[in-house]
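Let's take a guided walk through this model, one local feature at a time. Keep the viewer open and follow along.

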Amino acid sequence: MAEERRQKQCSVILPTESMKAMAESVGVGQLQEESCVAISEEVSYRIKEIAQDALKFMHHGKRRKLTTSDIDNALKLKNVEPLYGFQSQEFIPFRFASGGGRELHFYEEREVDLSDIINTPLPRVPLDVSLKAHWLSIEGVQPAIPENPPPAPKEQQKAESTEPLKVAKPGQEEEAAIQGKSQGATAADGKGKEKGLIRLKPRSTHELSVEQQLYYKEITEACVGSCEAKRAEALQSIATDPGLYQMLPRFSTFISEGVRVNVVQNNLALLIYLMRMVKALMDNPTLYLEKYLHELIPAVVTCIVSKQLCLRPDVDNHWALRDFAARLMAQSCKTFSTTTNNIQSRITKTFTKSWLDDKTQWTTRYGCIAGLAELGPDVIKTLILPRLTVEGARIKAVMEGPVVSNIDKIGADHVQSLLLKHCASVIAKIRPQPDNVEQYRTDYGYLGPMLCSHVMKARTQAALQAQQVNRTTLTITQPRPTLSVSQSGLSGSTGPRTPSIIKVPSSLTLMSPRPGTPSQPSPPATKYIVMATSAGTATTQQVITLSSSQSASPVTSTVPSATSTLQPLVKLESGSGPGLTGSRPLQKYIVVSLPSSASSSLEPKSSVIPTSISSTSLEAGMKMERSESPGASTQSPH
Amino acid sequence: MAAVQGGLVDADEDKDIKTEASNDSWGNNNANDGRLLSPSPGSSASAGSNKSAAGASEEQQTLLAVLQFLRKNKLTESVEILRREAGLPEDSLEPKGAESSGAGSGGASGGVDLEGGDASSLLSRVTASSTAGAQAPTKGPIQSAAWLTDKLSHHSASCPTAKLTHSAGEDQPDVNVVLSAYSQQGDPALYEVYYSGLKRFIESVLDCHRAELSQVFYPLFVHMYLELVYNNHESEAKAFFEKFSGDQECYYEDDLRVLSSLTKKEHMRGNETLLDFRTSKFVLRISRDSYQLLKRHLQERQNNQIWNIIQEHLYIDIFDGMPRSKSQIDAMSGSLAGEAKREANKAKVYYGLLKEPEIELPLDDEDEEAENEEGKPKKKKPKKDSLGSKSKKQDPNAPSQNRIPLPELKDSDKLDKIMYMKEATKRIRLGPDNLPSICFYSFLNAYQGLTAVDFTDDSSLIAGGFADSTVRVWSVTPKKLRKVKSAADLNLIDKESDDVLERIMDEKTASESKILCGHSGPVYGISFSPDRNYLLSSSEDGTVRLWSLQTFTCLVGYKGHNYPVWDTQFSPHGYYFVSGGHDRVARLWATDHYQPLRMFSGHLADVTCTRFHPNSNYVATGSSDRTIRLWDVLNGNCVRIFTGHKGPIHALAFSPNGKFLASGATDGRVLLWDIGHGLMVGELKGHTDTIYSLRFSRDGEILASGSMDNTVRLWDATKAFDDLETDDFTAATGHIHLQDNSQELLLGTYMTKSTPVIHLHFTRRNLLLAAGAYNP
């Protein structure tokens with residue numbers, strides 16, 4: 001591997017065409033091939049030399065990013081006049097275009113209308129450098145204040161749960177120190193004894209401070225309460241707050257117990273609320289749920305396959321809850337399934353088993369199919385498609401047979417549309433054209449003709465989408481120097497966390513674990529709106545690596561793919577990691593696309609949830625992109 | 001700041017010369033250590049065979065002159081060794097010596113201002129004879145002189161077999177001369193064969209020798225590659241590189257990257273890395289057994305190509321005893337030019353602390369006045385109830401008080417010392433069970449522009465250097481920063497009043513921070529003077545500037561580096577400061593001289609960081625060549641070379657007792673060094689990125705390190721230095737066994753929120769202050 005890389009280093013040389021192009025640009029017409037080769041070798045060497053010098057300046061500038069000024073300084077070192085006019089502190093947004101088998105990276109220079117510049121109001125002056133002090137550690141213990149990172153970073157949580165016996169973890173000493181503080185001298189003694197013997201896994205304490213207890217109470221009440229606005233706030237807080245690690249076991253128990261009770265009582269609304277809590281927890285970038293899956297997964301599976309979820313199964317839309325929970329299930333399989341825990345295969349087995357059972361009710365049947373279908377096209381191909389004929393016969397029996405209960409009929413109807421929805425796109429991919437109705441009938445039985453029309457629809461959709469994809473666009477909104485100051489006391493800097501009650505416009509109070517008194521202007525937000533599928537991903541990746549700083553990975557809302565019949569609103573948003581002082585509200589917009597028929601309260605009424613935890617006025621800088629592609633990939637490349 | 005009357009500058013002239021001259025005889029590999037301005041006398045000698053025929057008598061005369069010189073300088077041991085080696089009778093010295101002293105003082109050879117009689121006579125003799133003879137064939141005397149010094153150097157290291165030819169004049173980076181050594185032609189196609197043959201051989205030897213002999217691979221590889229490139233075998237060179245570069249140790253990757261871009265003879269001109277490689281011999285430490293094995297193999301195979309390279313470009317330091325293990329070798333290697341020679345670390349270093357001047361508590365005013373009149377507070381009889389009682393007895397390892405002339409203490413300095421002692425009594429004793437609190441100063445809105453930070457010793461001021469060429473000073477106490485009034489206003493002040501110091505300040509200018517503008521490039525180094533009256537800043541523009549913190553104006557711009565100055569630091573006693581930069585030279589300055597007092601040259605790449613020893617007698621410099629050097633301020637000699645880092649060094653810290661040095665580099669490791677023995681004594685692993693800051697707590701129990709990986713880590717320094725392995729054998733051979741106990745020594749890791757830690761400082765009460773710029 002390393003060898004390969006070195007070989008590359010050795011051989012990378014600018015192409016001779018570039019030399020020719022440059023020669024032409026300065027008026028040298030005929031340049032011989034040999035001279036081109038000689039020049040390109042020389043130029044490549046010099047460029048490498050300068051780049052190596054520039055690295056020195058980067059190191060001394062205590063940065064990880066090479067800037068244009070480093071190159072300038074390196075040129076100066078070589079007594080070469082630096083390039084003027086490239087004073088970009090940030091990355092240079094190279095754009096990518098391809099066409100005719102050629103790939104091109106270019107730096108877009110727009111024509112600027114002078115009057116535009118004159119007429120636009122001046123941007124606000126960037127803030128002056130300022131100094132702020134906080135306690136990084138108090139006698140060896142790091143206080144949980146917004147200026148410090150969350151106590152247990154996600155990687156560590158992951159390491160703890162996946163490799164519990166691994167010794168010498170990065171934060172171990174720290175935790176031991178914390179223990180020593182909280183338990184006095186005995187712990188310190190114990191630590192001394194431990195040495196030389198086996199290093200025991202440190203106990204993690206889950207004691208909550210009074211503030212955290214209050215917060216927990218408020219949040220859980222809001223989540224299952226009646227006020228929708230309050231619930232939105234609470235879910236938002238769960239999805240973004242960095243300091244929830246300590247409370248995670250309690251949340252998980254709350255959800256699992258809640259589901260247990262409410263399934264018995266057939267309380268659909270509460271089940272939906274609880275599933276939304278699960279979703280919010282999963283979305284939180286600082287939490288790693290693996291340790292709590294044993295509580296969460298049964299709850300979620302219950303919501304997928306339970307025989308009855310509501311009081312009036314004929315009227316209430318419990319199907320939407322099953323869909324939503326199935327999506328959650330798929331997401332957790334994708335995130336947490338490993339070779340050791342085998343979540344995905346275990347889940348698949350469970351679903352298949354109850355689906356195959358003849359006595360299974362239509363509701364459970366629906367849940368099983370939904371759960372399997374969400375796991376991806378491969379699962380559909382191997383597990384669902386072979387059973388389409390059998391399932392079709394069963395549906396036919398209900399639909400066309402003697403009158404049975406209305407409930408069965410509705411169930412069969414839903415199962416049918418579910419199968420059509422999920423199978424059509426898969427069949428469209430694996431079956432060659434043309435689509436013959438008769439052929440479909442022989443292959444898939446009762447559902448054949450309907451499948452055929454769905455597949456044809458899916459094909460036209462795909463063709464349309466392909467046209468769109470050819471045009472790879474990458475819009476990068478440049479960070480604007482619009483920063484806002486927010487005055488505040490340095491309340492968080494002296495002691496342990498001091499939560500405050502914050503008024504939000506809707507006049508409800510919410511306990512926040514972090515003081516909403518930011519004293520730090522928000523960092524310039526960089527937004528990437530990527531509207532592309534596979535073809536564009538590579539480029540996107542490239543540009544983003546160039547540009548994105550080492551900031552924490554952005555929050556992504558992965559919206560489960562929706563069907564072709566719908567037009568899902570796919571929203572990508574990148575919020576940078578938690579700001580130093582938490583002043584930067586993590587704007588998060590989750591748009592869940594659901595069948596239009598779904599009338600349950602599951603659909604967030606307000607797709608845009610104003611986060612007003614902090615009073616900082618900040619432009620969200622969001623852009624909506626309507627993606628034409630069904631199930632367009634919505635993962636941010638980070 | 002009081003000027004030092006007739007200070008270091010004049011007083012040391014004599015010593016200078018002596019040491020410079022003795023430098024030659026000590027055969028320092030980099031013979032120009034400490035005197036860049038004066039090219040070494042033998043600089044015209046080029047590489048080549050030293051065994052050229054020269055008149056035997058002439059050679060003997062030279063030899064005698066050298067002996068005479070040595071004797072004069074009381075280097076009897078060397079005299080003995082040399083005499084025995086040359087087989088001279090004991091009495092042969094006397095008459096010859098007398099004769100040689102009559103020679104005129106030429107000194108023309110290198111413009112060295114020599115006054116010591118014998119040294120100059122030797123030199124004049126050498127130059128005279130070399131100019132007399134025809135240039136080319138009869139370089140005998142010069143070379144034999146060089147050979148002699150060389151020989152001597154080996155003897156002083158008591159390894160007589162290592163008589164590798166070695167020319168003294170290689171320090172002049174004349175590319176043509178340097179490169180000409182490569183002009184010898186071998187069959188380019190056979191290079192790969194030679195190399196892989198050697199590789200096979202080394203892989204087949206016994207395990208205990210393999211690790212040692214493997215050290216040869218890297219330097220051989222580089223020199224063979226360069227030879228191929230020099231002789232225009234571009235494609236062969238590329239093939240050679242591709243085939244074998246993967247075998248090299250991973251810590252040479254940076255150098256290989258530079259090397260890989262070099263494919264043409266033209267590129268070799270002006271390439272610094274290449275020059276480094278050629279001008280300095282790659283030093284290897286190999287046990288006698290292993291060396292014999294290699295030698296026999298090469299001679300049996302008639303493998304002259306490789307043998308020549310080993311002879312000419314490698315310095316093999318042979319020791320008796322057990323071959324070293326792979327881990328021992330890895331611990332010490334990694335520098336640009338191999339390991340340090342053992343004799344490079346043999347000089348005596350006075351690492352002890354200076355005696356604290358006795359200062360009375362402010363209660364007894366009379367005594368203090370008396371002390372002022374006397375003018376020499378250090379000489380006063382020790383006071384019984386003084387707080388500084390720990391320094392009553394002179395440390396045997398401490399330099400004499402006036403080895404380096406230090407500025408006298410002023411009244412304000414004494415007040416400050418009293419404050420210091422008072423604070424020290426309130427100091428928290430730190431330890432593994434009693435970790436310091438850390439207060440973090442985040443620079444907000446710095447937009448990646450913060451490049452340097454410093455705190456004053458009393459932690460009242462903080463200064464930041466920025467990429468936009470400004471220096472900013474903040475007051476972190478409620479006391480605001482004020483300027484002195486203008487000259488016109490000052491005239492109006494009643495100069496007799498008691499609070500005149502208060503009156504001269506202009507209240508209107510009071511503010512929490514001040515900006516100092518004057519540099520024309522990013523400010524990379526910054527340092528407060530101990531008395532808080534001055535601030536130094538070094539910049540990309542090649543200057544070091546001295547700022548007054550009374551008027552907030554620039555007082556002096558010290559020019560001399562011409563290239564970016566990466567770091568600067570005030571001496572702990574004020575007045576002197578050191579700077580180091582891209583020109584590979586560290587300079588010692590005094591604030592009242594616009595030219596440097598000393599130039600410390602010897603590093604093979606940029607000097608990236610500079611630190612004063614707590615006793616102000618030594619300066620440590622870290623470099624991109626991955627070595628640390630310790631320099632004697634008195635004579636400019638390099639007294640220690642520490643190798644072992646695998647990346648450019650960006651942080652250095654002396655322990656408060658002056659015995660130890662900690663260094664941090666881009667490889668994310670902290671290495672600990674025993675200065676007295678010249679040994680590596682510890683390795684602290686844990687950081688994942690460049691370490692930009694290191695600091696010992698005031699009592700030396702805790703070492704704090706700050707890094708680009710956004711963490712502050714605390715290490716148990718007491719423990720790290722306690723279980724030291726300092727038996728005689730280790731001390732003599734320098735072969736250390738480091739146990740990997742980083743995890744046990746790590747006391748705490750504290751993550752910041754995307755804020756690289758670029759400066760650390762312990763307050764007088766042992767509160768740890770950290771600073772860095774928030775980079776969202």
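A residue counts as buried when its relative accessible area is under 20%, with a 1.4 Å probe and protein chains only. Bear in mind as we go that the model is predicted.

With that cut-off in hand, turn to strand 29 of chain B, which covers residues 746-751. Five of its six residues are buried, so the strand is largely enclosed by the rest of the structure. Strand 29 of chain B also has a partner: strand 28 of chain B, residues 711-716, pairs with it in the antiparallel sense over five bridges. To see how the two line up, find Thr711(B), which stands opposite Met751(B) of strand 29.

Ile316(B) belongs to strand 2, residues 314-319. Its relative accessibility is 1%, and therefore Ile316(B) counts as buried. Now look for Leu284(B): 32 residues separate it from Ile316(B) along the chain, yet their C-alpha atoms are 4.9 Å apart.

Next, the aromatic rings. Over all chains, a search of the whole structure turns up 30 aromatic pairs. In chain B, one aromatic cluster is made up of Tyr195(B), Phe217(B), Phe221(B), Tyr225(B), Phe240(B), Phe241(B) and Phe244(B).

Arg472(B) places its charged end over the ring of Phe466(B), 5.4 Å from the ring's centre. Lys514(B) has its charged end over the ring of Phe552(B), at 5.7 Å from the centre.

Methods: Residues numbered from 1 in each chain as written. Chains lettered and ligands numbered in written order. Predicted model: local features only at pLDDT ≥ 70, side-chain atom pairs only at ≥ 80, totals over all residues. Heavy atoms only, no water. Buried < 20%, exposed > 50% of the residue type's maximum accessible area, 1.4 Å probe, protein only. Helix = DSSP H or I, 4+ residues; strand = E, 2+ residues; numbered from the N terminus. Pairing = 2+ DSSP bridges. Phe/Tyr/Trp six-rings, centres within 6.5 Å; stacked < 30°, edge-to-face > 60°. Lys NZ or Arg CZ within 6 Å of the ring centre and 35° of its normal.
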